[in-house]
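Here is a quick tour of some local features worth a look before you set anything up. Have the viewer open and follow along.

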Amino acid sequence: MYKKQVSLQRVLCIGLLIICALVFLYSLGIMTDLYDALYNTIRNPEKLDNTTVTGSRIYYDMQGFNRDFLHASIVMLLLCLTLFFTNTHIRRKYYIGNYVAIGLVSAGGVAFSVWAHRQIEAFKAQFLQINFEELAANAAKKKSLYTESTFWFDIHYVIFGLLLIGILLLIANVFWKRKLMKEEQSLIKQGKGAVA
């Protein structure tokens with residue numbers, strides 16, 4: 001039973017690292033369509049409402065969030081690496097460092113997901129306020145991207161959903177490990193009692 005549990009915790013730690021890398025890549029790509037479609041609509045970055053497309057200032061409004069999102073995704077990657085530094089992925093018995101690493105990853109992941117979700121949903125609502133007729137005319141005139149797609153906003157449900165599922169499984173793994181360790185201690189005590 002321990003072999004299955006240790007194999008699962010290895011898979012969970014590697015899976016969480018991959019998911020955190022996916023979050024990092026998402027932070028790099030979230031503004032791709034906005035840049036391609038909206039960058040050339042702002043006439044003067046000092047006067048964001050002076051634009052050829054009403055609502056296109058979202059490209060500049062999201063810059064601070066995008067920077068913070070990128071930094072937070074790097075922090076999540078580093079937190080996930082603590083699982084490997086503490087050998088949580090291969091350790092048969094957990095020590096305090098393992099519990100601390102799991103706690104940091106779990107708390108950080110949940111807080112990051114909630115924060116990012118709120119921000120992304122707010123910016124999605126702002127994106128939908130763009131005058132898409134003006135954007136289509138601008139795209140045809142300047143041969144730039146035209147999109148009404150909210151894909152880059154909506155995909156966060158999948159990415160952060162995977163992160164939260166990974167965290168829940170990691171926590172469930174801790175409880176399973178503790179149960180197995182108690183059962184093992186009980187068997188050891190029973191064996192000592194039979195010898196006496």
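This is a predicted model: local features need pLDDT of at least 70, side-chain atom pairs count only at pLDDT 80 or more; totals for chains, interfaces and linings use all residues.

**Aromatic rings**

Take Tyr 26 and Trp 152: they are stacked, with centres 6.4 Å apart and 15 degrees between the planes. Tyr 26 sits in helix 1 (residues 2-29) and Trp 152 in helix 7, so this pair ties together parts 126 residues apart in sequence. Tyr 26 is buried at 3% relative accessible area, while Trp 152 is partly exposed at 25%.

Another pair, Phe 112 with Phe 160, is edge-to-face: 5.3 Å centre to centre, with the planes at 85 degrees. Here too distant parts of the chain are linked, as Phe 112 belongs to helix 5 and Phe 160 to helix 8 (residues 156-195), 48 residues apart. Both count as buried because their relative accessible areas, 6% for Phe 112 and 4% for Phe 160, are under the 20% cut-off.

Here are the two pairs again:

| Pair | Arrangement | Centre to centre | Angle between planes |
|---|---|---|---|
| Tyr 26 and Trp 152 | stacked | 6.4 Å | 15 degrees |
| Phe 112 and Phe 160 | edge-to-face | 5.3 Å | 85 degrees |

Which residues do ring pairs link into a cluster? They are Tyr 26, Phe 65, Phe 69, Phe 112, Trp 115, Phe 123, Phe 151, Trp 152 and Phe 160.

There is also a charge to look at: Lys 177 lies over the face of Tyr 94, 4.5 Å from the ring centre.

**A threonine in a loop**

Now find Thr 41, in the loop between helix 2 (32-38) and strand 1 (42-44). Is Thr 41 buried or exposed? Thr 41 is buried, at 0% relative accessibility. Its side chain makes a polar contact with the side chain of Ser 56 at 2.8 Å. Leaving out residues up to four places away in sequence, Thr 41 touches Thr 51, Thr 52, Val 53, Ser 56, Leu 135 and Asn 138.

**Positive phi**

Two residues are worth a backbone check. Asn 87 isn't a glycine, yet has a positive phi of about 60 degrees. You'll find Asn 87 in the loop between helix 4 (63-85) and helix 5 (96-127), partly exposed at 28% relative accessible area.

Lys 143, also a residue other than glycine, has a positive phi near 55 degrees. Lys 143 lies in the loop between helix 6 (132-142) and helix 7 (151-154), and is exposed with a relative accessible area of 76%.

Definitions and conventions: Residues are numbered from 1 along each chain as its sequence is written. Side-chain values use heavy atoms; hydrogens and water are left out. Helices (H or I, at least four residues) and strands (E, at least two) are DSSP runs, numbered from the N terminus. Buried means under 20% relative accessible area, exposed over 50%, partly exposed in between (1.4 Å probe, protein chains only). A polar contact is a pair of N or O atoms within 3.5 Å; within protein, one must be able to donate a hydrogen and the other to accept it, and residues adjacent in sequence count only if both atoms are side-chain atoms. Contact means heavy atoms within 4.5 Å. Rings of Phe, Tyr and Trp (its six-membered ring) pair if their centres lie within 6.5 Å; planes under 30 degrees apart count as stacked, over 60 as edge-to-face and the rest as tilted. A charge sits over a ring if NZ of Lys or CZ of Arg is within 6 Å of the ring centre and within 35 degrees of the ring normal.
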